[in-house]
Amino acid sequence: KNTVIFDEIESQPQERNWLARTFGKMEKDSLRSTIFLMMAGTMGAGVYALHKTFDEVGIFWAIVLLVIGCVSSLLALDMYIHASRYANDPDTVSEINTAIVGKHFDIIATVVCSIFLFLIMISFTVCISKIVFTLMCGPIKNYFKLNVDIKSVPDFMYYHKFFCLAIGLLGVGFIIPKSADSISRFAIPCFLVHLYVIAVIVCQTYSNYQVVKTKGFDEFNYFNTDWKKFFGNFGLAICTFNNVPNFMMVRMLVNSPSTARLRKIFNRSNWIIMGIYILTALCGYLSVGHQNAQPDMIIFRESNTDTDYFMNVGTFLLALSLIVSYALLGFALKMMVVSFLPGNDVVKHVGFSFALVLTVSGIALNFDSVGAYIN
(Lines give C-alpha, C1' and ligand atoms only; values in the text may rest on other atoms or scores of the structure.)
Protein backbone atom coordinates (compact mmCIF):
# COMPACT_ATOMS: atom_id res chain seq x y z
CA LYS A 1 0.00 0.00 0.00
CA ASN A 2 1.04 3.57 -0.56
CA THR A 3 1.65 4.21 3.14
CA VAL A 4 4.54 4.75 5.51
CA ILE A 5 5.12 2.37 8.43
CA PHE A 6 5.72 5.23 10.85
CA ASP A 7 6.12 8.98 10.71
CA GLU A 8 9.27 10.15 8.97
CA ILE A 9 11.50 12.37 11.07
CA GLU A 10 13.85 13.62 8.34
CA SER A 11 13.79 17.31 7.56
CA GLN A 12 12.26 18.11 4.23
CA PRO A 13 14.49 19.71 1.57
CA GLN A 14 14.15 23.41 0.85
CA GLU A 15 11.60 24.10 -1.88
CA ARG A 16 13.04 25.64 -5.05
CA ASN A 17 11.53 26.62 -8.38
CA TRP A 18 11.92 24.45 -11.49
CA LEU A 19 14.74 26.60 -12.93
CA ALA A 20 16.83 26.33 -9.76
CA ARG A 21 16.21 22.59 -9.45
CA THR A 22 17.10 21.89 -13.08
CA PHE A 23 20.15 24.09 -13.58
CA GLY A 24 21.41 24.65 -10.04
CA LYS A 25 24.74 23.37 -8.75
CA MET A 26 24.78 19.62 -8.20
CA GLU A 27 26.06 18.79 -4.73
CA LYS A 28 26.01 15.67 -2.60
CA ASP A 29 22.29 16.02 -1.83
CA SER A 30 21.38 16.92 -5.42
CA LEU A 31 18.40 14.98 -6.72
CA ARG A 32 19.75 15.06 -10.29
CA SER A 33 23.20 13.74 -9.40
CA THR A 34 21.62 10.86 -7.45
CA ILE A 35 19.32 10.05 -10.40
CA PHE A 36 22.32 10.08 -12.74
CA LEU A 37 24.15 7.77 -10.34
CA MET A 38 21.24 5.32 -10.33
CA MET A 39 21.08 5.37 -14.12
CA ALA A 40 24.86 4.97 -14.46
CA GLY A 41 24.76 2.05 -12.05
CA THR A 42 21.83 0.45 -13.87
CA MET A 43 23.04 0.82 -17.44
CA GLY A 44 25.63 -1.76 -18.35
CA ALA A 45 26.64 -3.76 -21.38
CA GLY A 46 23.28 -5.55 -21.41
CA VAL A 47 21.56 -2.65 -23.16
CA TYR A 48 23.72 -3.29 -26.25
CA ALA A 49 22.62 -6.95 -26.42
CA LEU A 50 18.87 -6.40 -26.08
CA HIS A 51 18.41 -6.42 -29.87
CA LYS A 52 18.70 -10.21 -29.66
CA THR A 53 15.77 -10.33 -27.21
CA PHE A 54 13.70 -8.25 -29.65
CA ASP A 55 14.54 -10.82 -32.33
CA GLU A 56 13.74 -13.90 -30.23
CA VAL A 57 10.41 -12.89 -28.67
CA GLY A 58 9.31 -10.15 -31.04
CA ILE A 59 9.23 -6.39 -30.60
CA PHE A 60 5.87 -6.41 -28.75
CA TRP A 61 6.78 -9.03 -26.12
CA ALA A 62 10.28 -7.60 -25.68
CA ILE A 63 8.74 -4.27 -24.66
CA VAL A 64 6.37 -6.12 -22.30
CA LEU A 65 9.36 -7.87 -20.70
CA LEU A 66 11.16 -4.57 -20.16
CA VAL A 67 8.06 -3.06 -18.55
CA ILE A 68 7.86 -6.08 -16.21
CA GLY A 69 11.53 -5.64 -15.33
CA CYS A 70 11.06 -1.94 -14.63
CA VAL A 71 7.97 -2.40 -12.45
CA SER A 72 9.57 -5.31 -10.56
CA SER A 73 12.57 -3.16 -9.74
CA LEU A 74 10.37 -0.29 -8.53
CA LEU A 75 8.33 -2.63 -6.31
CA ALA A 76 11.48 -4.09 -4.76
CA LEU A 77 12.93 -0.62 -4.15
CA ASP A 78 9.66 0.58 -2.59
CA MET A 79 9.69 -2.43 -0.25
CA TYR A 80 13.20 -1.44 0.83
CA ILE A 81 12.02 2.13 1.50
CA HIS A 82 9.35 0.89 3.92
CA ALA A 83 11.69 -1.68 5.44
CA SER A 84 14.30 1.01 6.11
CA ARG A 85 11.66 2.99 8.05
CA TYR A 86 10.95 -0.03 10.21
CA ALA A 87 14.68 -0.59 10.76
CA ASN A 88 14.97 2.96 12.17
CA ASP A 89 17.51 4.70 9.94
CA PRO A 90 19.89 1.79 9.13
CA ASP A 91 23.42 2.09 7.78
CA THR A 92 23.49 -1.22 5.91
CA VAL A 93 21.11 -3.57 4.08
CA SER A 94 21.98 -6.17 6.72
CA GLU A 95 20.34 -4.02 9.41
CA ILE A 96 17.18 -3.78 7.27
CA ASN A 97 17.00 -7.54 6.71
CA THR A 98 17.62 -8.27 10.38
CA ALA A 99 14.90 -5.86 11.54
CA ILE A 100 12.33 -7.29 9.12
CA VAL A 101 12.94 -11.04 8.97
CA GLY A 102 15.66 -11.82 11.50
CA LYS A 103 19.38 -12.53 11.56
CA HIS A 104 19.20 -16.02 10.03
CA PHE A 105 17.32 -14.88 6.94
CA ASP A 106 19.67 -11.90 6.64
CA ILE A 107 22.58 -14.32 6.26
CA ILE A 108 20.72 -16.20 3.51
CA ALA A 109 19.77 -12.97 1.72
CA THR A 110 23.34 -11.65 1.96
CA VAL A 111 24.78 -14.88 0.51
CA VAL A 112 22.29 -14.95 -2.39
CA CYS A 113 22.74 -11.24 -3.26
CA SER A 114 26.52 -11.48 -2.88
CA ILE A 115 26.73 -14.42 -5.28
CA PHE A 116 24.56 -12.55 -7.78
CA LEU A 117 26.69 -9.39 -7.62
CA PHE A 118 29.88 -11.47 -7.77
CA LEU A 119 28.74 -13.20 -10.98
CA ILE A 120 27.69 -9.89 -12.55
CA MET A 121 31.09 -8.38 -11.71
CA ILE A 122 32.74 -11.23 -13.63
CA SER A 123 30.57 -10.53 -16.67
CA PHE A 124 31.49 -6.83 -16.51
CA THR A 125 35.19 -7.72 -16.37
CA VAL A 126 34.93 -10.07 -19.36
CA CYS A 127 32.93 -7.47 -21.29
CA ILE A 128 35.34 -4.60 -20.64
CA SER A 129 38.31 -6.80 -21.45
CA LYS A 130 36.81 -7.78 -24.80
CA ILE A 131 36.02 -4.16 -25.65
CA VAL A 132 39.59 -3.05 -24.94
CA PHE A 133 41.12 -6.02 -26.75
CA THR A 134 38.91 -5.50 -29.81
CA LEU A 135 39.94 -1.85 -30.00
CA MET A 136 43.62 -2.80 -29.65
CA CYS A 137 43.52 -5.38 -32.46
CA GLY A 138 43.87 -2.72 -35.18
CA PRO A 139 46.87 -0.88 -33.64
CA ILE A 140 48.58 -4.20 -32.84
CA LYS A 141 48.09 -5.45 -36.39
CA ASN A 142 49.42 -2.22 -37.88
CA TYR A 143 52.38 -1.99 -35.49
CA PHE A 144 53.60 -5.51 -36.18
CA LYS A 145 52.56 -5.28 -39.88
CA LEU A 146 50.60 -8.51 -39.71
CA ASN A 147 48.51 -9.83 -42.59
CA VAL A 148 46.31 -12.08 -40.45
CA ASP A 149 43.29 -11.53 -38.25
CA ILE A 150 44.64 -10.72 -34.79
CA LYS A 151 41.64 -12.35 -33.11
CA SER A 152 42.60 -15.71 -34.61
CA VAL A 153 46.19 -15.64 -33.28
CA PRO A 154 46.35 -17.49 -29.91
CA ASP A 155 49.43 -15.57 -28.75
CA PHE A 156 47.62 -12.26 -29.04
CA MET A 157 44.38 -13.65 -27.64
CA TYR A 158 46.33 -14.48 -24.49
CA TYR A 159 47.28 -10.86 -23.84
CA HIS A 160 43.70 -9.72 -23.45
CA LYS A 161 43.63 -11.61 -20.14
CA PHE A 162 45.93 -9.05 -18.57
CA PHE A 163 43.22 -6.46 -19.09
CA CYS A 164 41.09 -8.34 -16.54
CA LEU A 165 43.61 -7.69 -13.77
CA ALA A 166 44.05 -4.06 -14.84
CA ILE A 167 40.28 -3.55 -14.70
CA GLY A 168 40.14 -4.94 -11.16
CA LEU A 169 43.00 -2.73 -9.96
CA LEU A 170 41.31 0.36 -11.44
CA GLY A 171 37.99 -0.54 -9.85
CA VAL A 172 39.40 -1.30 -6.40
CA GLY A 173 40.13 2.39 -5.88
CA PHE A 174 36.38 3.05 -5.95
CA ILE A 175 35.44 0.00 -3.88
CA ILE A 176 37.75 0.58 -0.87
CA PRO A 177 36.17 3.81 0.53
CA LYS A 178 33.39 3.56 3.12
CA SER A 179 31.26 6.06 1.21
CA ALA A 180 30.05 6.15 -2.39
CA ASP A 181 30.96 9.83 -2.75
CA SER A 182 34.00 9.06 -4.92
CA ILE A 183 31.90 7.00 -7.34
CA SER A 184 29.09 9.55 -7.50
CA ARG A 185 31.45 12.12 -9.04
CA PHE A 186 31.71 9.93 -12.14
CA ALA A 187 27.97 9.28 -12.45
CA ILE A 188 27.19 12.06 -14.94
CA PRO A 189 30.24 11.47 -17.22
CA CYS A 190 29.45 7.73 -17.33
CA PHE A 191 25.83 8.33 -18.19
CA LEU A 192 26.82 10.83 -20.89
CA VAL A 193 29.11 8.19 -22.41
CA HIS A 194 26.16 5.82 -22.66
CA LEU A 195 24.09 8.58 -24.25
CA TYR A 196 26.87 9.21 -26.79
CA VAL A 197 27.09 5.53 -27.77
CA ILE A 198 23.31 5.27 -27.96
CA ALA A 199 23.17 8.45 -30.09
CA VAL A 200 25.68 6.90 -32.53
CA ILE A 201 23.59 3.73 -32.72
CA VAL A 202 20.37 5.70 -33.30
CA CYS A 203 21.89 8.09 -35.86
CA GLN A 204 23.45 5.23 -37.85
CA THR A 205 20.24 3.18 -37.85
CA TYR A 206 18.95 4.54 -41.17
CA SER A 207 22.17 3.87 -43.10
CA ASN A 208 22.59 0.44 -41.49
CA TYR A 209 18.98 -0.43 -42.28
CA GLN A 210 19.58 0.41 -45.93
CA VAL A 211 22.49 -2.06 -45.98
CA VAL A 212 20.30 -4.67 -44.26
CA LYS A 213 17.59 -4.04 -46.85
CA THR A 214 20.06 -4.41 -49.72
CA LYS A 215 21.21 -7.78 -48.34
CA GLY A 216 17.60 -8.93 -47.98
CA PHE A 217 17.73 -9.18 -44.19
CA ASP A 218 14.94 -6.66 -43.61
CA GLU A 219 12.59 -9.17 -41.98
CA PHE A 220 11.70 -8.52 -38.36
CA ASN A 221 9.94 -10.44 -35.63
CA TYR A 222 7.05 -8.38 -34.29
CA PHE A 223 5.00 -10.85 -32.27
CA ASN A 224 6.31 -14.29 -31.31
CA THR A 225 4.17 -16.64 -29.22
CA ASP A 226 7.04 -19.01 -28.40
CA TRP A 227 6.67 -19.06 -24.59
CA LYS A 228 9.89 -20.99 -24.11
CA LYS A 229 11.83 -18.07 -25.59
CA PHE A 230 9.65 -15.60 -23.67
CA PHE A 231 10.54 -17.08 -20.29
CA GLY A 232 14.08 -17.71 -21.51
CA ASN A 233 14.49 -13.92 -21.77
CA PHE A 234 12.52 -13.16 -18.61
CA GLY A 235 15.61 -13.29 -16.40
CA LEU A 236 17.48 -10.94 -18.73
CA ALA A 237 14.68 -8.39 -18.50
CA ILE A 238 14.80 -8.53 -14.67
CA CYS A 239 18.62 -8.33 -14.51
CA THR A 240 18.67 -5.42 -16.95
CA PHE A 241 17.29 -3.25 -14.13
CA ASN A 242 20.06 -4.26 -11.76
CA ASN A 243 19.72 -1.30 -9.39
CA VAL A 244 18.14 -2.75 -6.23
CA PRO A 245 21.60 -3.39 -4.64
CA ASN A 246 22.27 0.35 -4.96
CA PHE A 247 19.42 1.25 -2.59
CA MET A 248 21.59 1.94 0.47
CA MET A 249 24.12 3.89 -1.57
CA VAL A 250 21.37 6.25 -2.78
CA ARG A 251 19.93 6.54 0.72
CA MET A 252 23.34 7.49 2.12
CA LEU A 253 23.91 10.13 -0.58
CA VAL A 254 20.61 11.92 0.10
CA ASN A 255 20.64 14.10 3.21
CA SER A 256 16.85 13.87 3.62
CA PRO A 257 15.89 10.40 2.36
CA SER A 258 12.14 10.76 2.76
CA THR A 259 9.79 8.31 1.05
CA ALA A 260 8.68 10.88 -1.52
CA ARG A 261 12.26 11.86 -2.32
CA LEU A 262 13.51 8.31 -2.70
CA ARG A 263 10.53 7.35 -4.84
CA LYS A 264 11.18 10.33 -7.08
CA ILE A 265 14.78 9.19 -7.63
CA PHE A 266 13.86 5.55 -8.29
CA ASN A 267 10.84 6.29 -10.49
CA ARG A 268 12.56 8.82 -12.71
CA SER A 269 15.73 6.78 -13.15
CA ASN A 270 13.89 3.52 -13.92
CA TRP A 271 11.40 4.90 -16.42
CA ILE A 272 14.07 6.95 -18.23
CA ILE A 273 16.28 3.86 -18.40
CA MET A 274 13.41 1.77 -19.79
CA GLY A 275 12.81 4.31 -22.57
CA ILE A 276 16.52 4.27 -23.42
CA TYR A 277 16.53 0.45 -23.46
CA ILE A 278 13.61 0.26 -25.87
CA LEU A 279 15.08 2.88 -28.21
CA THR A 280 18.55 1.30 -28.24
CA ALA A 281 17.30 -2.27 -28.71
CA LEU A 282 14.89 -1.30 -31.47
CA CYS A 283 17.51 0.71 -33.38
CA GLY A 284 20.03 -2.10 -32.90
CA TYR A 285 17.53 -4.62 -34.24
CA LEU A 286 16.80 -2.48 -37.30
CA SER A 287 20.54 -2.13 -37.88
CA VAL A 288 21.20 -5.88 -38.19
CA GLY A 289 17.92 -7.46 -39.27
CA HIS A 290 16.28 -10.74 -38.31
CA GLN A 291 18.66 -13.12 -40.10
CA ASN A 292 21.80 -11.44 -38.78
CA ALA A 293 20.83 -10.75 -35.13
CA GLN A 294 23.81 -12.24 -33.31
CA PRO A 295 23.89 -12.50 -29.49
CA ASP A 296 27.00 -10.30 -29.35
CA MET A 297 26.70 -6.61 -28.47
CA ILE A 298 25.58 -4.23 -31.19
CA ILE A 299 28.76 -2.16 -30.71
CA PHE A 300 30.71 -5.05 -32.30
CA ARG A 301 28.67 -5.18 -35.51
CA GLU A 302 30.52 -4.95 -38.79
CA SER A 303 31.10 -1.41 -39.98
CA ASN A 304 29.83 -0.31 -43.39
CA THR A 305 33.05 1.65 -43.92
CA ASP A 306 36.73 0.91 -43.35
CA THR A 307 36.71 2.50 -39.89
CA ASP A 308 33.80 3.69 -37.78
CA TYR A 309 35.57 6.37 -35.76
CA PHE A 310 32.43 7.53 -33.97
CA MET A 311 31.69 4.03 -32.66
CA ASN A 312 35.36 3.31 -31.87
CA VAL A 313 35.60 6.43 -29.70
CA GLY A 314 32.30 5.62 -28.03
CA THR A 315 33.33 2.01 -27.41
CA PHE A 316 36.59 3.13 -25.76
CA LEU A 317 34.75 5.58 -23.50
CA LEU A 318 32.17 2.89 -22.78
CA ALA A 319 34.89 0.61 -21.43
CA LEU A 320 35.92 3.36 -19.00
CA SER A 321 32.33 3.99 -17.88
CA LEU A 322 31.70 0.27 -17.35
CA ILE A 323 34.62 0.24 -14.91
CA VAL A 324 32.62 2.69 -12.78
CA SER A 325 29.54 0.44 -13.03
CA TYR A 326 31.78 -2.48 -12.07
CA ALA A 327 32.91 -0.49 -9.02
CA LEU A 328 29.29 0.26 -8.07
CA LEU A 329 28.56 -3.48 -7.98
CA GLY A 330 31.73 -4.14 -5.98
CA PHE A 331 30.90 -1.38 -3.50
CA ALA A 332 27.37 -2.75 -2.97
CA LEU A 333 28.79 -6.26 -2.49
CA LYS A 334 31.40 -5.03 -0.01
CA MET A 335 28.83 -3.13 2.07
CA MET A 336 26.72 -6.30 2.31
CA VAL A 337 29.55 -8.56 3.43
CA VAL A 338 31.86 -6.31 5.47
CA SER A 339 29.48 -6.10 8.45
CA PHE A 340 29.85 -9.88 8.94
CA LEU A 341 33.66 -9.77 8.95
CA PRO A 342 35.63 -9.52 12.21
CA GLY A 343 38.62 -7.27 12.82
CA ASN A 344 39.68 -3.68 12.23
CA ASP A 345 37.29 -1.64 10.10
CA VAL A 346 39.96 -0.25 7.74
CA VAL A 347 41.59 -3.66 7.29
CA LYS A 348 38.21 -5.19 6.46
CA HIS A 349 37.42 -2.61 3.76
CA VAL A 350 40.87 -2.74 2.16
CA GLY A 351 41.43 -6.49 2.50
CA PHE A 352 38.01 -7.51 1.22
CA SER A 353 38.20 -5.09 -1.73
CA PHE A 354 41.51 -6.52 -2.95
CA ALA A 355 40.41 -10.12 -2.33
CA LEU A 356 37.22 -9.45 -4.29
CA VAL A 357 38.84 -7.92 -7.40
CA LEU A 358 41.61 -10.53 -7.51
CA THR A 359 39.09 -13.39 -7.34
CA VAL A 360 36.82 -11.81 -9.96
CA SER A 361 39.78 -11.13 -12.27
CA GLY A 362 41.15 -14.64 -11.76
CA ILE A 363 37.87 -16.19 -12.94
CA ALA A 364 37.25 -13.65 -15.73
CA LEU A 365 40.61 -14.19 -17.44
CA ASN A 366 39.48 -17.73 -18.35
CA PHE A 367 36.80 -16.36 -20.70
CA ASP A 368 37.45 -14.36 -23.85
CA SER A 369 33.80 -13.48 -24.56
CA VAL A 370 30.71 -12.59 -22.55
CA GLY A 371 28.71 -15.22 -24.44
CA ALA A 372 31.11 -17.99 -23.39
CA TYR A 373 30.90 -16.88 -19.75
CA ILE A 374 27.10 -16.67 -19.73
CA ASN A 375 26.81 -20.13 -21.33
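**View 1. Helix 2 passes helix 10 in a left-handed crossing in this predicted model.** The crossing is called left-handed because the near helix is turned anticlockwise from the far one by less than a right angle. Here helix 2 (residues 31–42) meets helix 10 (residues 187–203) at an angle of about 55°, and their axes lie 8 Å apart. The two are therefore oblique to each other, a class left over once angles under 35 degrees (roughly parallel), over 145 (roughly antiparallel) and 65 to 115 (roughly perpendicular) are set aside. Look for Ser 33, Phe 36, Leu 37, Met 39 and Ala 40 of helix 2 touching Ala 187, Ile 188, Cys 190 and Phe 191 of helix 10 (contact means heavy atoms within 4.5 Å). By class, 8 of these residues are nonpolar, 1 is polar and none is charged.

Residues are numbered from 1 along each chain as its sequence is written. Local features need pLDDT of at least 70, side-chain atom pairs count only at pLDDT 80 or more, and totals for chains, interfaces and linings use all residues, while side-chain values use heavy atoms, leaving out hydrogens and water.

View 2. Beyond four places in sequence, the contacts of Phe 266 are Met 38, Leu 74, Leu 77, Ile 81, Phe 247 and Val 250.

Conventions
Axes are lines fitted to C-alpha atoms, for helices over the stretch in contact, and angles run from 0 to 180 degrees between N-to-C directions. Helices (H or I, at least four residues) and strands (E, at least two) are DSSP runs, numbered from the N terminus. Ala, Val, Leu, Ile, Met, Phe, Trp, Tyr, Cys and Pro count as nonpolar, Asp, Glu, Lys and Arg as charged, and the others, Gly among them, as polar.
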